[in-house]
Amino acid sequence: MPTPAEAAAVLRRLLRDPAAVLTLRATAAATLSYAVALQLSAEPAPLTAPLTALLVVQVTLYSTLTTGIRRVNSVVVGVLIAIGFSSVMGLSWWSLGLIILASLTVGQFIRVGEFVNEVAISAMLVLGVTRLATQAWDRVVETLIGAVVGLLFNLVFAPPVWVDSAGESIEGLARRARHLLLDIADQLGGPVPVERAAEHLHEARRLDQAIAEVDAALRQAEDSLRLNPRISEGLLSRTVLRTGLDTLEICVVVIRVIARSLTDLAKRRGPGGRLFDPDVSAALEDLLDHLGGALVSFAVLVTTQVAQNAEEAERRLAAELTAAWHSRERVAQLLLLRVQEHPEAWQLHGSLLAEVDRILDELDLDHRSRRLMEELDKASVGQRERFTGLGRLRRLARGDD
């Protein structure tokens, strides 16, 4: 039997899980919409209302609004198509096929997204009833009830903001990248089999693929910030997170290139060969250690919502970048000496330094600030253009232009 503290911990974990939150919210909204539809619809079992609410209530308010509009449009269009077909033909195999074809075609034109099939489903359900006009109207009413209940449910019980979950995903990506860099650094001190170097390359590729999962979590967080009454600076938060992930994505790609360069170098050295001399290996280990620390500090900086914590993260990032640049200069001097002695590996050594430079440049605080300001300026211009267009339409409607 779990203790109250354990039960509370489980509940907190559930409330931080988007799937669990969606399940609870959708269940409550669907049940409530069915109760309302029983009072307002003539149907004895108005299941269209809870079905609509179930599909309308999404994880975020923004997706709920956009989904609700498309859902209502798809149902209404399907009902209208069924009414039009029923006036000229009955229900048969060929008429059913024809109405499905027409519904799916029209659904593509009205841009209802994933609810294209709902146009055909609505048309088929209405076409198959006996009291066509009444059933069609009841289906539209039930759909509107479900959509309205779903929208009001998210307005009254505001969905959570998933910024923390996205931040954890971004930090997790950075920590995985740091762990890979440390593993690579550990292999530099002794003979490196090609298979071992190839394992790091495969891990770098898996890390590259993990970006898609982090991007999905970030898109959910971005949606949760849109139209959310609890968030006053949603644009800034979205831009900070998005530009931060873009920077980490570039760094992950460069890390994969580093792993590939070291794998090629291991192939050139042959079985039992050392990638670098002991002094170069030690300098590279120090460099990769600071590089990994800078990645984590950068991720903490872009995901920190409290100003005081952000300042501390910025100081740590600046310290890691300074140490990394010093290590990089030392590695460059040592590699230059080795290239003069063994010029056959100069291309791989040069590419390794260029890849490190790319990561350090991407993580640079000044570069980060410029990129953030550029993205904010673009977003502000887009918003001004949008509002300017709306204002022009309002003036045209009033006859002022």
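Helices here are DSSP runs of H or I, at least four residues, numbered from the N terminus. With that in hand, Gln108 sits in helix α5, residues 93-109. This is a predicted model, so please keep that in mind throughout.

The overall layout next. The chain has 14 helices and zero strands. Of its 401 residues, 44% are buried. For contacts with a separation of 6 or more, 77% involve residues 24 or more positions apart. The accessible surface is about 20,800 Å², and carbon and sulfur atoms contribute 60% of that.

Back to Gln108. Its relative accessible area is 55%, so Gln108 is exposed. Between the C-alpha atoms of Gln108 and Val119 the distance is 9.8 Å, with eleven residues separating the two along the chain.

Now helix α9, residues 194-225, which contains Ala216. Ala216 is partly exposed, at 35% relative accessibility. Ala166 is 50 residues away from Ala216 in sequence, and the C-alpha to C-alpha distance is 8.7 Å.

On to charged pairs. Side chains of opposite charge can pair when their charged atoms come close. The whole structure contains twelve salt bridges, and I will go through some of them.

In one, Arg206 meets Glu203 at 2.9 Å, N to O. Both belong to helix α9, and because they are three residues apart, about one helical turn separates them. Arg206 is partly exposed at 44%, and Glu203 is partly exposed at 22%.

Another salt bridge joins Asp208 and Arg256, at 2.2 Å, N to O. Asp208 is in helix α9 and Arg256 is in helix α10, residues 234-269, so this pair ties together parts 48 residues apart in sequence. Arg256 has a relative accessible area of 26%, which makes it partly exposed.

Then there is Glu362 with Arg358, where the closest N and O atoms are 3.3 Å apart. The two are four residues apart in helix α13, residues 346-363, so about one helical turn lies between them. Is Glu362 buried or exposed? Glu362 is buried, because its relative accessibility is 6% and the cut-off is under 20%. Arg358 is partly exposed at 41%. As for shared partners, salt bridges join Arg176, Glu203 and Arg206 into one network.

Last, the surface. Val148, Leu152, Leu155, Val156 and Phe157 make a nonpolar surface patch of about 490 Å². Where is Phe157 found? Phe157 is in the loop between α7, residues 132-156, and α8, residues 163-186.

Definitions and conventions: Residues numbered from 1 in each chain as written. Predicted model: local features only at pLDDT ≥ 70, side-chain atom pairs only at ≥ 80, totals over all residues. Heavy atoms only, no water. Patch = residues over 30% accessible without salt bridge, like charges linked within 9 Å, V, L, I, M, F, W, Y side chains within 5 Å. Areas by Shrake-Rupley, 256 points an atom, 1.4 Å probe, with all protein chains shown as cover. Salt bridge = Lys/Arg side-chain N within 4 Å of Asp/Glu carboxyl O. Buried < 20%, exposed > 50% of the residue type's maximum accessible area, 1.4 Å probe, protein only. Contact = heavy atoms within 4.5 Å.
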